[in-house]
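Here is a short briefing on one protein chain. Keep the sequence and the 3D view side by side as you read.

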Amino acid sequence: MRVIAVCTLFVLGFSAARGQMPETIDVDDEIKLLRLADDVYIHRSVADMEGFGRVSSNGMVIIAGSEAVMVDTPANDRQTEILTRFIEDSLGARTTLVIPTHWHQDCIGGIDFLHRYGAESLAGSMTVEFCDSRGITAPRKTFEGHAEVEIGGRTRIICLWPGGGHTPDNIVVWLPQEKI
């Protein structure tokens with residue numbers, strides 16, 4: 001989460017310094033998309049979380065042809081369904097993979113909906129261990145340390161566990177072609 005937040009601030013600051021702000025798309029009252037590149041968006045949502053109140057969270061949507069990858073879900077199935085349907089109806093892509101960056105609700109809270117929708121899920125092995133130990137639905141596929149995924153036959157996504165940070169299991173996601 002911290003990595004995504006820092007990246008968001010960096011991109012917004014860099015764009016503002018160049019006199020440009022990313023295009024913002026209102027998906028609904030609680031979900032926004034900010035375009036970072038032609039087919040790369042930050043998804044920003046706000047949800048009520050027990051014990052914390054109203055919380056803002058960020059993730060990413062990567063489009064490659066007719067496929068989409070969601071990096072982190074919104075905090076719940078309802079918001080994840082809204083975002084997924086928007087991606088399909090308005091961006092013309094089906095979400096085929098979700099990559100939660102760590103086990104917290106604001107990253108994995110919509111995984112049940114995405115599994116029912118037919119999407120695959122991939123996370124670091126520690127994320128699955130944390131989910132299993134807490135009775136949270138876990139991603140179905142895991143990796144140790146590093147994974148590379150290709151979608152749409154052209155977009156490469158690198159997942160890397162650099163060591164503990166915000167949570168012991170957090171990973172970072174890098175798009176080398178887009179330098180995001």
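This is a predicted model: local features need pLDDT of at least 70, side-chain atom pairs count only at pLDDT 80 or more; totals for chains, interfaces and linings use all residues.

- Three strands form an open sheet in the order E9-E10-E11, and their pairing is antiparallel.
- Strand E9 (146-151) and strand E11 (172-174) are the edge strands, each pairing on one side only.
- From one strand to the next, the twist averages 20°.
- Strand E10 covers residues 155-160 and pairs with E11 in the antiparallel sense over three bridges.
- Strands of a sheet pair through backbone hydrogen bonds, and they can be parallel or antiparallel.

- Trp-174 is found in strand E11.
- Is Trp-174 buried or partly exposed? Trp-174 has a relative accessible area of 38%, so it counts as partly exposed.
- Trp-174 touches Arg-156, Ile-157, Ile-158, Lys-179 and Ile-180, if residues up to four places away in sequence are not counted.
- Trp-174 and Glu-148 are 26 residues apart in sequence, yet their C-alpha atoms are 9.6 Å apart in space.
- Thr-167 sits in the loop between E10 and E11.
- Thr-167 is buried because its relative accessible area is 3%, which is under the 20% cut-off.
- The side chains of Thr-167 and Asp-169 are joined by a polar contact of 2.6 Å.
- Thr-167 also touches His-102, Trp-103 and His-104, again not counting residues up to four places away in sequence.

- Strand E1 (residues 24-26) pairs with strand E2 (residues 31-37) in the antiparallel sense, over three bridges.
- In this pair, Ile-25 stands opposite Leu-33 in E2.
- What is the bridge partner of Ile-31 in E3? The partner is Ser-45.
- The hairpin from E2 to E3 passes through two residues.

**Strand E5 and its partners**

- Four of the five residues of E5 are buried, so the rest of the structure largely encloses this strand.
- Strand E4 (residues 53-64) pairs with E5 in the antiparallel sense over five bridges.
- Met-60 stands opposite Val-71 in E5.
- The hairpin of E4 and E5 has two residues between the strands, and Gly-65 in this hairpin takes a positive phi near 65°.
- Strand E6 (residues 94-99) pairs with E5 in the parallel sense, over five bridges.
- Met-70 stands opposite Val-98 in E6.
- E5, H2 and E6 together make a right-handed β-α-β unit.

**Gln-79 in helix H2**

- Gln-79 is found in helix H2.
- Gln-79 is buried because its relative accessible area is 0%.
- A polar contact of 2.9 Å links the side chains of Gln-79 and Glu-30.
- Leaving aside neighbours within four places in sequence, Gln-79 is in contact with Glu-30, Ile-31, Ser-45, Val-46, Ala-47 and Pro-74.
- Two residues in that list, Ile-31 and Ser-45, are bridge partners.

- Most residues other than glycine have a negative phi.
- Asp-72 has a positive phi, near 70°, and is not a glycine.
- Where does Asp-72 lie? Asp-72 is in the loop between strand E5 (67-71) and helix H2 (77-91).
- Asp-72 has a relative accessible area of 0%, so it is buried.
- Lys-179 is not a glycine either, and its phi is positive at about 60°.
- Lys-179 lies in the segment after E11.
- Is Lys-179 buried or exposed? Lys-179 is exposed because its relative accessible area is 67%, which is over the 50% cut-off.
- Lys-179 is also among the residues that Trp-174 touches.

Note on methods:
Residues are numbered from 1 along each chain as its sequence is written. Side-chain values use heavy atoms; hydrogens and water are left out. Two strands pair if DSSP finds at least two bridges between them. Axes are lines fitted to C-alpha atoms, for helices over the stretch in contact, and angles run from 0 to 180 degrees between N-to-C directions. Buried means under 20% relative accessible area, exposed over 50%, partly exposed in between (1.4 Å probe, protein chains only). A polar contact is a pair of N or O atoms within 3.5 Å; within protein, one must be able to donate a hydrogen and the other to accept it, and residues adjacent in sequence count only if both atoms are side-chain atoms. Contact means heavy atoms within 4.5 Å. A crossover is right-handed if, with the strands pointing away from the viewer, the path from the first strand over the helix to the second runs clockwise.
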